[in-house]
Amino acid sequence: MEITNVTEYEAIAKEKLPKMVYDYYASGAEDQWTLQENRNAFARILFRPRILIDVSKIDMTTTILGFKISMPIMVAPTAMQKMAHPEGEYATARAASAAGTIMTLSSWATSSVEEVASTGPGIRFFQLYVYKNRKVVEQLVRRAERAGFKAIALTVDTPRLGRRESDIKNRFTLPPNLTLKNFEGLDLGKMDEANDSGLASYVAGQIDRTLSWKDVQWLQTITSMPILVKGVITGEDARIAIQAGAAGIIVSNHGARQLDYVPATISALEEVVKATQGRIPVFLDGGVRRGTDVFKALALGASGIFIGRPVVFSLAAEGEAGVRKVLQMLRDEFELTMALSGCRSLKEITRNHITTEWDTPRPSARL
């Protein structure tokens, strides 16, 4: 079967992967309402394309935290990628580099920061969970910096793991041949089987529930890397993030895997963008499956988007080639959306190019 869009990879991944692994990647928290809403909310935003504009040349390049990339589509941190494919994070790193974009490596990767750096050049961010043992955190941040990583994406929505019922049913645990590579040798790389989800038990034992805004400032004392705060969905928190010295915000609900019944990220985006008043860039992850979704996010003020599940599903289906194809398909669709909307560069994408269900109704033209 010829793959013509990103979503088709999920069905292939479901066939190829063990049920426990597929369910881990695919599922959300509790009723999975937010999981559906992350997709559905994009469908309630419509285009207002402008016509008769010369779109023979389209420029999708952008600069993120000073780094020039080929398009505003980047790779989100997704854990334990070797469960999807033996090459795991290596394949994803090479695919992102080939596409000229940024890869974010998860703290819970099955390849270490050093191993990912060894795949060759590329702009890489490091996603950080803060452990109770701050010495471990300090060590890890310094290792990432030494390995050439360019920013920290601090996950702030996981003081406890969300209730992911399929993981409980499957007694999810990391397959025995794999470890959380960044914590190997620290007695922190093992995830034991538990009566419910092995990951939930691991998080309860290791992740620091006292994490607060003070720690965003503490991180700045141990690294010169800029810090993106990942997991903001309100204007109030966006304003505090700026005060705490964040270099950027990722509007994220953790792929709908934490608190259910929070809004879709695309629905929360504009509130966060307005609160930042242009002082720091705002990014989005969650539910992006089409180039049209990318355009909608940028029209609502995002500086770029991150994709997660499309990466692991395409990785499971076709390895590095799959991830390359996903990035290329999204790029092509986004370029086409820009052309058909009459936008030749990212700065030409404006709020006037879309209409949302929360806009005031536009007066209809009288005959």
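**Entry 1: H254 and its surroundings**

I looked up the side chains of H254 and D157 and found a polar contact of 2.9 Å joining them. I note that this is a predicted model. I checked the record next: UniProt lists H254 under "active site", in an unreviewed entry. I then placed H254 in the loop between β9 (248-251) and α11 (265-276). Is H254 buried or exposed? Its relative accessible area is 12%, under the 20% cut-off, so I put H254 down as buried. Leaving out residues up to four places away in sequence, I listed what H254 touches: Y129, T155, D157, T158 and R164.

**Entry 2: Salt bridges**

I searched the whole structure and got 19 salt bridges. I went through some of them.

I took E138 and R142, whose side chains meet at 3.2 Å, N to O. They sit four residues apart in helix α6 (residues 134-146), so about one helical turn separates them. R142 is partly exposed, at 37% relative accessibility.

I turned to E270 and R351, which form a salt bridge at 2.6 Å, N to O. E270 lies in helix α11 and R351 in the loop between α13 (309-341) and β12 (354-356), so this pair ties together parts 81 residues apart in sequence. I have E270 as buried, with a relative accessible area of 13%. R351 is partly exposed at 23%.

**Entry 3: A network**

Which residues do salt bridges with shared partners join into one network? I found E87, R94, E320 and R324. Within it, I looked at E87 and R94: their closest N and O atoms are 2.6 Å apart. E87 is partly exposed at 35% relative accessibility. R94 is partly exposed too, at 27%.

Methods: Residues are numbered from 1 along each chain as its sequence is written. This is a predicted model: local features need pLDDT of at least 70, side-chain atom pairs count only at pLDDT 80 or more; totals for chains, interfaces and linings use all residues. Side-chain values use heavy atoms; hydrogens and water are left out. UniProt positions are given in the numbering used here, feature names are shortened, and annotations may be inferred rather than shown by experiment. Helices (H or I, at least four residues) and strands (E, at least two) are DSSP runs, numbered from the N terminus. Buried means under 20% relative accessible area, exposed over 50%, partly exposed in between (1.4 Å probe, protein chains only). Contact means heavy atoms within 4.5 Å. A polar contact is a pair of N or O atoms within 3.5 Å; within protein, one must be able to donate a hydrogen and the other to accept it, and residues adjacent in sequence count only if both atoms are side-chain atoms. A salt bridge is a side-chain nitrogen of Lys or Arg within 4 Å of a carboxyl oxygen of Asp or Glu.
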